[in-house]
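Please keep the sequence and the coordinates at hand while reading.

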Amino acid sequence: MTIQPLDDRVLVKVLEEEEQRSGHIIIPDVAKEKPRIGQVLAVGTDEDLQEKIKVNDKILFAKYGGEEIKLNGEDLLVVQRSDILAIIKE
Amino acid sequence: MTIQPLDDRVLVKVLEEEEQRSGHIIIPDVAKEKPRIGQVLAVGTDEDLQEKIKVNDKILFAKYGGEEIKLNGEDLLVVQRSDILAIIKE
Amino acid sequence: MTIQPLDDRVLVKVLEEEEQRSGHIIIPDVAKEKPRIGQVLAVGTDEDLQEKIKVNDKILFAKYGGEEIKLNGEDLLVVQRSDILAIIKE
Amino acid sequence: MTIQPLDDRVLVKVLEEEEQRSGHIIIPDVAKEKPRIGQVLAVGTDEDLQEKIKVNDKILFAKYGGEEIKLNGEDLLVVQRSDILAIIKE
Amino acid sequence: MTIQPLDDRVLVKVLEEEEQRSGHIIIPDVAKEKPRIGQVLAVGTDEDLQEKIKVNDKILFAKYGGEEIKLNGEDLLVVQRSDILAIIKE
Amino acid sequence: MTIQPLDDRVLVKVLEEEEQRSGHIIIPDVAKEKPRIGQVLAVGTDEDLQEKIKVNDKILFAKYGGEEIKLNGEDLLVVQRSDILAIIKE
Amino acid sequence: MTIQPLDDRVLVKVLEEEEQRSGHIIIPDVAKEKPRIGQVLAVGTDEDLQEKIKVNDKILFAKYGGEEIKLNGEDLLVVQRSDILAIIKE
């Protein structure tokens, strides 16, 4: 079973704090309402978005962006393009 | 008698919680106001939407999206495209 | 005397509750603020709308949509396209 | 002296309640904040509007639409297109 | 020294109440917050507006429209197109 | 060092009250929250704006428009096009 | 590891107050909520923005614009184009 986001949304797995740290990006403690990092599981149907964001990319997105769902025990979020701040490249 | 949604809306049958679970997608308990799943009964008149969503697709949509109606004893919702998060494929 | 709605509006006669039931569409009791059904008396001047909605169609529309008028003792509503959810076909 | 509405506005003379009744359109008593009828005195400079609405047409418009002016003792209103619901044809 | 309004604005001299009356347009007493009349001193840089409104035209505009300035002792207003209701022709 | 405004903004030096008076434009005392005058130091990157407003032009702008900065002891403002009312020509 | 802003955003390193002063631009003390200066580390994927803003440019942006992140101990901000006031050239 797969989930195909519609239009300009992406499906992401939210990375735990340790995982977020390991990449040397630290979201400040005082900023619990600040951006979070997620790994892209699926990109929406919008073609322009598909050129810019790929499966497995790590993205930085505004914390209150996204609708939560749980799939096979994992926390997933469906995030809109307007809430995606940046793509993290390693 | 059939119901043809207008423009960018879809008509869905909301799936019961057990049905939602069986597909291994679980909407968290703490998240009663989170997305729900519905099975598509009819797609709106918008052609672009008709290419992306088909009858019988299962879609994930924002809980407060949609206008409730009851047809022959079933709970149905008319949901706008902007409230549709993703298409679930099996 | 006829009433020609302007632009993307339609003129409808609101169907009584029994009439709404007979078609097997039931608006739930707890949902007095839910969608209503109307029979189309006239379609607005917008050409695209005229292709999609015809006189005598039954439409489902959001309850608080529409401006009430009374014509020869009948309750009529002028409803905007954005408040029309679906066309009911029999 | 004439008044030429700008863009998508029309200038109307609001019809008195008796006049409104005589045409068999009755705005319900409980609906003092409901639509009113006016006779068009001048149509705005917008060409598309000029094709749809003519001088002497009777139009139905949302009550709180329009800016009041008084010209030679008559109550006139300048009404925007978005507040015009329908054209009444006899 | 001249003032050239930018884009879709016009510069007007607000006419005194007597002047407004003399033209037989009377803004009702109960309507101190209703439209006012001004004489156009300069039209904005927008070409479409320049075709519709000319220097010396009298315009009717929404009272709370416009930003006040004083030039050589005269009350002037810079009024946006969206606040201009009509052009008064004599 | 120079400051190049982005898009449809201009950088202005706010003129002191005496300077504003000397040009015979007086902002009324009761209107401390009314428009102010500034001399243009730089025009944004928008080409259409560059045709309409030039360096050294005096512009009239809405008081609460603009973001304040201080450069070498001078009060400067970065003002958006939508807050610019008029260009003052001498 | 690099961060690639999406669409019309830029990634900036906020300059400390001394650094801001050294360039002779002083944000007034009374204006702690006024614009700040940042050095551009990466420009978003939008091509038009890439023509106007380059890596290493110093930009002036509205204080409450931007989402904070911390990368290797540095305060970084992801700032939207609409919050960028000007480019500082030396």
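## Conventions

This is a predicted model, in which local features need pLDDT of at least 70 and side-chain atom pairs count only at pLDDT 80 or more, whereas totals for chains, interfaces and linings use all residues. Residues are numbered from 1 along each chain as its sequence is written, chains are lettered from A and ligands numbered from 1 in the order in which they are written, and side-chain values use heavy atoms, with hydrogens and water left out.

## Chain A

The secondary structure of chain A consists of two helices and eight strands, where helices (H or I, at least four residues) and strands (E, at least two) are DSSP runs numbered from the N terminus. Along the sequence these elements follow the pattern β-β-α-β-β-α-β-β-β-β. Chain A has 90 residues, of which 49% count as buried, a term that stands for under 20% relative accessible area, with exposed meaning over 50% and partly exposed lying in between (1.4 Å probe, protein chains only). Where contact means heavy atoms within 4.5 Å, 64% of the contacts in chain A between residues at least 6 apart in sequence join residues at least 24 apart.

## The interface of chain F and chain E

At this interface, 21 residues of chain F are in contact with 16 residues of chain E. The size of an interface is often given as the accessible area lost when the parts come together. Buried area is here the accessible area (1.4 Å probe) that two parts lose on being put together, summed over both, and between chain F and chain E it is about 1700 Å², with carbon and sulfur atoms giving 63%.

The rule finds one salt bridge across the interface of chain F and chain E, a salt bridge being a side-chain nitrogen of Lys or Arg within 4 Å of a carboxyl oxygen of Asp or Glu. The side chains of Arg81(F) and Asp7(E) meet in a salt bridge, at 2.8 Å from N to O. The elements that give two or more residues to the side of chain F that touches chain E are strand 3 (25–26) and strand 8 (84–89) of chain F, and strand 8 gives the most, with six residues. By class, the residues on this side of chain F divide into 13 nonpolar, three polar and five charged, where Ala, Val, Leu, Ile, Met, Phe, Trp, Tyr, Cys and Pro count as nonpolar, Asp, Glu, Lys and Arg as charged, and the others, Gly among them, as polar.

## The interface of chain B and chain C

Here 16 residues of chain B are in contact with 21 residues of chain C, and the two chains bury about 1700 Å² between them, 63% of it on carbon and sulfur atoms. Arg81(C) forms a salt bridge with Asp7(B), and their closest N and O atoms are 2.8 Å apart. Strand 1 (2–5) and strand 6 (67–71) of chain B each supply at least two residues of the side of chain B that touches chain C, and the largest share of that side, five residues, comes from strand 6 of chain B. This side of chain B has seven nonpolar, four polar and five charged residues.

## Strand pairing

Two strands pair if DSSP finds at least two bridges between them.

| Strand | Partner strand | Bridges |
|---|---|---|
| Strand 1 (residues 2–5) of chain E | Strand 8 of chain F | four bridges, antiparallel |
| Strand 1 of chain B | Strand 8 (residues 84–89) of chain C | four bridges, antiparallel |
| Strand 2 (residues 9–14) of chain B | Strand 4 (residues 36–43) of chain B | five bridges, antiparallel |
| Strand 4 of chain B | Strand 5 (residues 58–61) of chain B | four bridges, antiparallel |

Within chain B, Val10(B) stands opposite Val43(B) in strand 4, and the bridge partner of Ile37(B) in strand 5 is Leu60(B).

## Leu77(E)

Leu77(E) lies in strand 7 (residues 74–80) of chain E, and Leu77(E) counts as buried because its relative accessibility is 3%. Leaving aside neighbours within four places in sequence, Leu77(E) is in contact with residues including Val10(E), Val12(E), Phe61(E) and Glu67(E). The C-alpha atoms of Leu77(E) and Leu41(E), which are 36 residues apart along the chain, are separated by 9.8 Å.
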